[in-house]
Amino acid sequence: MEQILKELQAMMPTSHEVAVRNSKVLAQEVVGTINIPYPFYVKKAKGSRVTDVDGNDFIDLTMGFGPILLGHNPDVVVNAIKETADLGSHFGLTNPFQGELAELVVEAAPCGQKVVFCNSGTEATMYAIRAARALTGKNKIGVFVGSYHGAHDYVTVTADKKSDPNRPELKSMGRGVPKETTDQVFMLPYRHETAFDLIREHKDELALVMIEPVQSSNPRLDQGPFLQKLSAVCKENDVLFMMDEIITGVRLGGFHGAQEFFDVPCDMATYGKAIGGGMPIGAITASANIMEVFNFHGEGTTIFSGGTFNGNPMTSRVGTAVMKYIKAHPEIYPYLTEQSERLASQVNTFLKEEDYPANLMNAQSMFHLIFTKEPIESAWQVSRKTWQTEVLFYNHLHKNGVIVPGIHLFFVSAAHTPDDIDQVIEAFKKSFGEVRAKGAI
Ligand code: PLP
């Protein structure tokens, strides 16, 4: 490890200086879970590339953790930002722009008639939970093993691996979350029939079951029948069912995302990431009836929601420009799928032929590299035992010109050319070879 760290430091001396300076004042860089193998600092980004403060170019597969569907800084985004900057970035007051974005979100979301915007996916799932509780008069929510729905108290939970995988217990992901809060959450087994039994057993307490239609920790496409049955079981048992489309929305399959791709009806959906075109955003959408709960001054059951920057003109106009572009260019979807499949199949063939203990899982343009020979069935199977080898691999990949953030999840964008994908494949092969040559695999 020492040797590769020295090589990276020699390649990125200014980044090293920034890291030292930042460490004095920043308690955390970007987000806590992102263990970027070697601290480096991005100064600018265009298309599929990022350029660091030392002037090194890398092929980026982070893509902003999902929002950058069209690649970095496309003209459509730059123009929308410039035009909006002339008008003012934030009013607080109502503006004509968020309605335009809302129309596009409603069009994209099969379950949606009305929308409420907020500033992150975390806020979106938090409000969806509050709305479901208010509407049903029940308190508990169900989430699945391996899920990620943001960083608020109710969803920062993880399965306790000492418990029965068919009836998993949960624990909070970090300190600071009261047990009284996590007691309100049920952990359901992913792609397992007992999830349906648990929902039936607890239907009188469960307000909402939420699921990522594609788990970012376990990207795959064979869960359609499970999602369909889940939707039906929730309906039969008067439990609201929500699809968290914060990553899959306008990404998976096409403009109508996972709801259309898997043909699964839901009561509510949350969106974020790509619908903001790179600006901070979250959204909750559902039928007009359900969304009436957000009408704080209305007659019926209502909830409080807030947010200084909700529906701000910059996010609304950039989101609208990108959503219009995506809608007008459906050809990006087959392109994303073709390039993504090529990347996954060529890397996996190499890994198999050379007998590496790793597998590149993907659901179209969403990827997750796991360090076991076979694809996992559930995130339950992921262990941290291989962590040191993984970090070594990501450091080599970095040196070989490709950025995968240290959470393993990564994305191909419409700006990645076939040549970029070829370079990524070669960098994966070379990096695995170097790690093996060092005896770590
Ligand atoms: N839900 C899902 C499915 C996500 O993938 C994420 C973020 O990665 C979130 C919610 C939280 O979104 P944000 O990071 O914008 O708060």
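## Packed helices and buried spots

Q: Is the crossing of helix 12 and helix 14 left-handed or right-handed?
A: Helices here are DSSP runs of H or I with at least four residues and strands are runs of E with at least two, both numbered from the N terminus. A crossing is left-handed if the near helix is turned anticlockwise from the far one by less than a right angle, and right-handed if clockwise. For helix 12 and helix 14, the crossing comes out right-handed.

Q: What kind of model is this?
A: Residues are numbered from 1 along each chain as its sequence is written, and side-chain values use heavy atoms, with hydrogens and water left out. Local features need pLDDT of at least 70, side-chain atom pairs count only at pLDDT 80 or more, and totals for chains, interfaces and linings use all residues, since what you have here is a predicted model.

Q: How are helix 12 and helix 14 oriented to each other?
A: Helix 12 (residues 332-353) and helix 14 have axes that come within 10 Å and cross at roughly 20 degrees. Angles under 35 degrees count as roughly parallel, over 145 as roughly antiparallel, 65 to 115 as roughly perpendicular and the rest as oblique. Helix 12 and helix 14 are therefore roughly parallel.

Q: How many nonpolar residues are in the contact of helix 12 with helix 14?
A: Contact means heavy atoms within 4.5 Å, and helix 12 brings residues including Tyr335, Leu343 and Phe350, while helix 14 brings among them Ile421, Phe428 and Phe432. Ala, Val, Leu, Ile, Met, Phe, Trp, Tyr, Cys and Pro count as nonpolar, Asp, Glu, Lys and Arg as charged, and the others, Gly among them, as polar. Next to two polar and three charged residues, the nonpolar count is 11.

Q: How do helix 13 and helix 14 sit relative to each other?
A: Helix 13 (residues 387-399) and helix 14 (residues 418-437) have axes that come within 9 Å and cross at roughly 130 degrees. Helix 13 passes helix 14 in a right-handed crossing. The two helices are therefore oblique.

Q: Which term describes helix 4 relative to helix 11?
A: Helix 4 (residues 97-108) and helix 11 (residues 313-328) pack at about 40 degrees, with their axes 8 Å apart. That angle makes helix 4, relative to helix 11, oblique.

Q: Which hand does the crossing of helix 4 and helix 11 have?
A: Helix 4 uses residues including Phe97, Gln98 and Leu101 for the contact, and helix 11 uses among them Ser316, Thr320 and Met323. The crossing of helix 4 and helix 11 is left-handed.

Q: What is the relative accessible area of serine 316?
A: Serine 316 is in helix 11 and touches Phe97, Gln98, Leu101 and Gly311, leaving aside residues up to four places away in sequence. Buried means under 20% relative accessible area, exposed over 50% and partly exposed in between (1.4 Å probe, protein chains only). Serine 316 is buried, because its relative accessible area is 1%.

Q: Where is threonine 194?
A: Threonine 194 counts as buried at 13% relative accessibility. Not counting residues up to four places away in sequence, threonine 194 touches Asn166 and Pro189. Threonine 194 lies in helix 7.

Q: Is arginine 191 buried or partly exposed?
A: Arginine 191 is in the loop between strand 8 and helix 7. Beyond four places in sequence, arginine 191 touches Arg220, Asp222, Gln223, Phe226 and Glu377. At 22% relative accessibility, arginine 191 counts as partly exposed.

Definitions and conventions:
Axes fitted to C-alpha atoms, helices over the stretch in contact; angles between N-to-C directions.
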